[in-house]
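This report describes one chain and two of its residues. Please look over the sequence and the model before reading on.

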Amino acid sequence: MARSTARKRALNTLYEADEKSQDFLSLLEERKARPGAQTPLPAYAVTIVEGVAEHRRDIDEALQAHSTRWPLSRMHAIDRNILRIAAWEMLYNSEVPDKVAIDEALSLAKTLSDADAPAFIHGVLSALEQEKNDHQARREQAGRIAALADAEADADVSDDESDKAKAQVASAESVSSGDVHADSDSESATSRPEDGGSDQSAPSLDQLKLTMPEELAPDADHPSGN
């Protein structure tokens with residue numbers, strides 16, 4: 001009930017400023033300083049007026065986009081500002097559910113405007129609610145797509161890291177195998193005779209002659225006679 005009263009007080013301020021073609025915040029400061037016979041403006045009423053003033057251009061554009069019967073400038077001032085309050089709550093105040101904002105606007109219209117106003121206001125605000133829901137659904141879908149893309153990118157990075165690790169292991173194994181072959185070749189080289197296939201430890205012919213008895217050693221200077 002307290003917020004319902006605050007909405008009505010905010011509507012009075014917006015309506016008066018609209019009728020006078022006065023800046024919303026300018027009149028708000030006057031009402032805050034001199035409330036007159038009324039009680040001081042409730043805090044939520046001040047919040048509404050400040051919010052509508054801050055986002056007036058975007059609010060008016062959104063309302064105009066969904067008003068199929070009247071341009072915003074030709075609406076009754078009371079209806080125009082009821083719509084502004086509800087639109088601000090729907091678009092900029094997450095504490096108020098859309099259905100509550102619409103119901104409160106209809107309540108004000110039934111009390112303060114003509115008989116046709118509630119249906120008109122309901123149509124405009126319902127279209128605004130649908131657009132908001134569609135926009136939210138698209139944002140959520142985009143978020144899911146982005147999350148899926150991130151997950152796939154992480155999986156690709158993980159696969160790349162796994163491939164790199166496997167390549168490093170294979171490279172290390174190849175180097176180790178090459179070292180073993182090199183050691184084997186070195187051992188073979190040390191155990192083989194030198195080129196030519198001759199054993200360097202075998203005695204030469206001259207050495208054999210020196211060790212043979214003189215009568216058995218061949219005399220190259222005295223060939224045998226027949």
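The sections below treat the basis of the model, the whole chain, and then two residues.

## Basis

This is a predicted model, in which local features need pLDDT of at least 70, side-chain atom pairs count only at pLDDT 80 or more, and totals for chains, interfaces and linings use all residues. Residues are numbered from 1 along each chain as its sequence is written, and side-chain values use heavy atoms, with hydrogens and water left out.

## The chain

The chain has eight helices and zero strands. Helices (H or I, at least four residues) and strands (E, at least two) are DSSP runs, numbered from the N terminus.

Of its 226 residues, 27% count as buried; buried means under 20% relative accessible area, exposed over 50%, and partly exposed in between, with a 1.4 Å probe and protein chains only. The chain exposes about 15,400 Å², and carbon and sulfur atoms supply 51% of that area. Accessible areas come from the Shrake-Rupley method with a 1.4 Å probe; for residues, only the protein chains shown count as cover.

Among contacts (heavy atoms within 4.5 Å) with a separation of 6 or more, 69% are between residues 24 or more positions apart.

## T13

T13 lies in helix α1, residues 2–20. T13 is buried, because its relative accessibility is 5%. Apart from neighbours within four places in sequence, T13 contacts L27, L28, R31, L41 and V49.

## A87

Helix α5, residues 77–92, holds A87. With a relative accessible area of 0%, A87 is buried. Beyond neighbours within four places in sequence, A87 contacts I59, L63, Y92, L125 and L128. The C-alpha atoms of A87 and V124 are 9.7 Å apart in space, while the two residues are 37 residues apart in sequence.
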